[in-house]
Amino acid sequence: MSISLSSLKKFHGKSVLFQRLFIFVKNISVKDMSGIDAGKKAAAIAAVNNHIKDQQIVGIGSGTTVVSAVQRIVERVKAENLKLICIPTSFQLDVAIDGADEVDSNLVCIKGGGGCLTQEKIVASCAKEFIVIADERKDVAALGTTWKKGVPLEVVDLAYRPVQIHIERLLGGSAKLRLATQKMGPVVTDNGNFIIDWVFDRPGDWNQINTTLKMIPGVVETGLFVNMAKKAYFGKADGSVQVREPQVQNNGLIHLVLSNLLLQLFLLLHLELTLFLLYESRDGCLHVRVR
């Protein structure tokens with residue numbers, strides 16, 4: 001199936017950014033779909049069916065899985081006469097849909113394998129809902145299980161070497177400058193920066209790790225998407241889809257309840273001590289009297 005640019009203009013007018021995005025999509029067709037492609041398509045269709053509604057502003061990512069999402073959006077626009085604004089970047093998004101290189105049990109994502117991590121994170125952060133779509137290979141219990149290329153970081157070009165040194169000193173692992181495959185020299189992002197891929201030794205507290213990385217001078221953004229995804233759709237080769245929500249939300253609720261219980265217990269014990277124990281100082285001595 002292929003998508004014509006003229007059909008997309010019907011619901012988005014003449015946005016130059018939108019046209020550029022779908023010129024790429026128009027030239028992609030799916031033939032003899034493999035199991036992985038079938039999984040990607042199933043995840044994309046499920047996400048679009050469940051989260052795209054009339055009169056929304058929809059952010060579209062740049063991963064390969066997004067192609068199927070765009071195709072499904074076009075089908076629904078034609079069939080249901082939806083009025084949508086679909087753009088690759090915005091500051092007032094209802095839903096942002098994008099792929100990921102790997103997603104753990106708490107929906108912490110590694111993104112940036114294609115080099116667009118900063119722009120993709122800006123889009124995701126501006127959306128009321130950030131939805132991840134991927135094939136089942138990307139669904140893992142812990143980051144680093146199948147994705148062995150590490151966490152991408154966009155860095156200012158002149159700072160890449162000091163950033164490498166800081167990362168390895170603070171967090172261990174190996175921080176490698178990403179080199180281009182079709183030309184000499186490093187990969188250059190759309191923002192004119194370099195990319196460092198940090199291959200970590202073991203998973204950790206990704207929220208703290210992300211903060212540590214961003215505090216290093218010269219780091220523009222990281223490919224760690226922490227506490228951002230609301231749901232993830234993982235498509236399987238047989239066309240079925242597994243939907244997951246972040247476990248951290250439930251864990252956070254449990255921690256909050258336990259913290260409140262401990263606080264109440266502390267206050268109760270403090271009150272009992274105040275009622276039944278009286279401390280008096282006489283002649284420099286401490287006496288305890290039970291009321």
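Trainee: Which residues line the largest cavity?

Mentor: Rolling a probe the size of a water molecule over the atoms shows where empty space is left. Here, Gly115, Cys116, Thr118, Gln119, Glu154, Thr189, Asp190 and Asn191 line the largest cavity. A cavity is a set of points on a 1 Å grid over the protein atoms alone where a 1.4 Å probe fits but cannot get out, and lining residues have an atom within 4 Å of a point. Bear in mind that this is a predicted model, where local features need pLDDT of at least 70 and side-chain atom pairs pLDDT 80 or more, while totals for chains, interfaces and linings use all residues. Residues count from 1 along each chain as its sequence is written, and side-chain values use heavy atoms, without hydrogens and water.

Trainee: How much space lies in the largest cavity?

Mentor: About 40 Å³, taken as the space filled by probe spheres set on the points. Searching the whole structure turns up one cavity of 30 Å³ or more.

Trainee: And what about the sheet: in what order do the four strands come?

Mentor: Strands are DSSP runs of E, at least two residues long, numbered from the N terminus; two of them pair if DSSP finds at least two bridges between them. This open sheet has the order S8-S9-S7-S10, with antiparallel pairing.

Trainee: Why is one side of S8 and of S10 left without a neighbour in the sheet?

Mentor: Because S8 (174–177) and S10 (219–222) stand at the edges, each having a single partner strand. S10 pairs with S7 (residues 151–155) over three bridges.

Key:
1 Å grid on protein atoms, 1.4 Å probe; cavity = no way out; pocket = protein on both sides within 12 Å on 5 of 7 lines; lining within 4 Å.
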